[in-house]
Amino acid sequence: METILVLAHTETDGSLAKPALEALAAAKSLGGLLVVGLVGENVQDAANSIAACGAAKFFGVCGADFAQARYATDAAAAEAIAQAAGAPVIIAPHTSRWGRVLAGVAQRLGGRADTHVTAVSLVNGAPAVTRWYYRQRMEAVLQRAQRPWVIALDPGCVAPWRGEAGTASVEKVAVNLTDAHKRTTVTGVRAPKAEEQTIRPDAKLLFVAGAGWTKKQADGQVHVAEAEKLILDFLKLTGASLGSSKSLVDLSGEGQAVLPFMTHLNQIGQTGSTPRHPKGLSTCCHGEEPHTVGWRFINERRAISLDPSCGWARGKADVLYVADAFQVMAKVNELLAAKKSS
Amino acid sequence: MSTAYQIVVCGSIVPDPLQTLEPVSTPMGPALKNEMMLPAVLDPWASHALFEAAHLANSAPGSKVWLISIAPKAKLQQVMMTIAQKVPFELVALDGPAGGFTEAAEVAAILADAIKAIPGLDMKRLLVFGGWESASRGAGATMQMVGELLGITDQFQGVDQITVNTDGSLEILERIEGGKHQVSKCAGPPAVLGWATGSLPEPPNNPQIGMANMRAIMPALQRAKPAKIAAEGVTFVRVTLPKQLRETKIVKDTPAYEIAKEIVAWIANE
């Protein structure tokens, strides 16, 4: 097996996030010589936290300029480490920070990149990656002749490496930055207030609201305020993450009644996200293919819909409740609230 | 400070999302069954990039939008009949495969060459737009590679918003984990922006724009150069459809309270 470089960035507190430890575990599963490269403001604590991982060497690019997730500096750092390590295979977590730069880095190195990889394995003694095509509609296992091969592993696909902390010796790699590297400045992060944050990647349950919540109900009226309360109450009671169909988030652009807390960031499916949660509950959504491709990594699926022949009924959900979601979710919230207070 | 931008949007066609897709083996590698027969659309994220480009160009007088697309010429022509009615742009067509199993690096090299060949290209005004991922390969790799080949190191992915500041700098919002946006300030062009959904609705069809666009689109299609793209060095061990069909239990004619009890028990069950 070829030498593998695990390339990770530190978090703002200097630690390594779970996706980095997952990439490390994936690399170790292939065998071969392991080296680690770290990028961040300070990398020593991160290196120490994985000192026992069996890496033959630790490389680091650090300094204030590498604290922020900026293409120019991150790509320069990753390129410098890759050249110092000389590893033919590079495995990195597909975080938003690395996802922005890894393919560009592969281009600089004269190599190739595969992103959104969900598994690495050995096929005939050579590394192979598994990834999805056409938005999770078909799965491929592939190998490459080109090196270096940069592999970006999607978070949540591999159990993270666990081991004792220790003291790692980090070889500092110099990166010469010019003004051209600093034309962009990261000025901050824009996030909803904590109590308004509805996207929770670590939640055990995904709750999806479809456009039906904003349509006319049996009485001929729309009940957006009631829908808003039912959904937000459910999220508070369960800690679920909120997803949406495209049609619902598109309504805001069409000037129709909308759920104000719902944005395109909530969108699941073809042009949305493909989150990983153990369970998913869909409501007022037809379960059409462009939406349900985003459910590929939701293990247990239930749906509430008034349409008994909707997409969910055609083998896409484990259970379809043919019922009024307003009525069911009101009762669900009552039961959850009673359970919480008891 | 006002800048007249040169906005080049990279975007290709993908099968209509409502189509059922099935992989087949060909001598050239994996492909889609009946690929040439499938109705196609402009890649959804590339569409957003195009709409955002047009919006930005509209707000910066003197700006111009190009759409560079690699696709089988006949399919591209069909898609242009629709997309040309949305916003003004000049098409640069390249006749080649648009499937997901092609190699991003090969696509990027051809796109970069096509951008460099645009007459009067001015790097100080250049913004390269595209989707942050496609609905075919879905790798988010091509735009970064195009940027590298053009020497552009101000790159942004998962972009939902761009704002031009009074000093000509750009404020850009990129998607990051947990439903948040990273806010960056870029000094100005050149830059690469891989768009997510953006913040604009799809523009309505405008026949006048369509007619104006089509006058240049048809000649562009006629002179489309062949683009040789494959996936050199890649061996596909297998390509399979997921075992996606579940035995759906359909619960009907059951009181809401009973359903609620079942759902609450299911949620609680670890």
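B:Asn58 sits in helix H1 of chain B. Is B:Asn58 buried or exposed? B:Asn58 has 12 other C-beta atoms within 10 Å. A residue is exposed if that count is 12 or fewer, so B:Asn58 is exposed. The model is predicted, and every value here is computed from it. In the model, the C-alpha atom of B:Asn58 lies 20 Å from that of B:Gly131. Along the chain, these two residues are 73 residues apart.

## Helix H1 of chain B

Now take the helix that holds B:Asn58. H1 of chain B runs over residues 44-59 and has 16 residues. From the first C-alpha to the last, H1 reaches 23 Å, close to the 22 Å expected at 1.5 Å a residue. How many of the residues of H1(B) are buried? The count is 13 of the 16, so H1(B) is largely enclosed by the rest of the structure. In an α-helix there are 3.6 residues a turn, so residues three or four places apart point the same way.

## Chain B as a whole

Step back to the chain. Chain B has 270 residues, and 50% of them count as buried. Its secondary structure consists of 6 helices and 15 strands. A box of roughly 65 × 50 × 40 Å, taken along the principal axes, holds the C-alpha atoms of chain B. Look at contacts in chain B with a separation of 6 or more: 77% of these come from residues 24 or more positions apart.

## Where chain B touches chain A

Chain B puts 72 residues in contact with 82 residues of chain A. Which element of chain B gives the largest share of its side? It is H6(B), with 9 residues. By type, the residues on the chain B side divide into 38 nonpolar, 22 polar and 12 charged.

Strands also pair across the two chains. Strands of a sheet pair through backbone hydrogen bonds, either parallel or antiparallel. Strand E10 of chain A (residues 184-190) pairs with strand E11 of chain B (residues 180-186) in the antiparallel sense, over 6 bridges. In this pair, A:Val189 has B:Gln182 of E11(B) as its bridge partner.

## A sheet built from both chains

One open sheet has 6 strands, in the order E12(A)-E11(A)-E13(A)-E14(A)-E15(A)-E15(B), with parallel pairing. Which strands stand at the edges? They are strand E12 (241-244) of chain A and strand E15 (249-251) of chain B. Each has a single partner strand, so one side of each is left without a neighbour in the sheet. On average, neighbouring strands of this sheet are turned by 20 degrees against each other, direction ignored.

Helix H6 of chain B (residues 256-268) packs on this sheet. H6(B) touches E11, E13, E14 and E15 of chain A, together with E15 of chain B. The direction of H6(B) makes about 165 degrees with that of E14(A).

Within the sheet, E14 (residues 298-305) and E15 (residues 319-322) of chain A pair in the parallel sense over 4 bridges. A:Arg302 stands opposite A:Val319 in E15(A).

## Two domains in chain A

Chain A is divided into domain 1 (4-182) and domain 2 (194-341). The C-alpha centres of the two domains lie 35 Å apart. Their contact takes 4 residues from domain 1 and 5 residues from domain 2. On the domain 1 side, the residues divide into no nonpolar, 2 polar and 2 charged.

Most residues other than glycine have a negative phi, and most peptide bonds are trans. The table lists some exceptions.

| Site | Feature | Angle |
|---|---|---|
| A:Arg147 to A:Pro148 | cis peptide bond | omega near -5 degrees |
| B:Pro189 and B:Pro190 | cis peptide bond | omega about 0 degrees |
| A:Asn124 | positive phi | phi near 55 degrees |
| B:Asp253 | positive phi | phi near 50 degrees |

Where do these sites lie? A:Pro148 is in the loop between strand E7 (138-144) and strand E8 (149-153) of chain A. B:Pro190 is in the loop between E11 and strand E12 (191-195) of chain B. A:Asn124 is in the loop between strand E5 (112-123) and strand E6 (126-133) of chain A. With 8 C-beta neighbours inside 10 Å, A:Asn124 counts as exposed. B:Asp253 lies in the loop between E15 and H6 of chain B. B:Asp253 is exposed too, with 6 other C-beta atoms within 10 Å.

Note on methods
Residues numbered from 1 in each chain as written. Chains lettered and ligands numbered in written order. Predicted model: local features only at pLDDT ≥ 70, side-chain atom pairs only at ≥ 80, totals over all residues. Helix = DSSP H or I, 4+ residues; strand = E, 2+ residues; numbered from the N terminus. Buried ≥ 20, exposed ≤ 12 C-beta atoms within 10 Å, placed from the backbone. Contact = placed C-beta atoms within 7 Å. Expected span 1.5 Å × (residues − 1). Pairing = 2+ DSSP bridges. Axes fitted to C-alpha atoms, helices over the stretch in contact; angles between N-to-C directions. Nonpolar A, V, L, I, M, F, W, Y, C, P; charged D, E, K, R; others polar. Domains from an automatic or database assignment.
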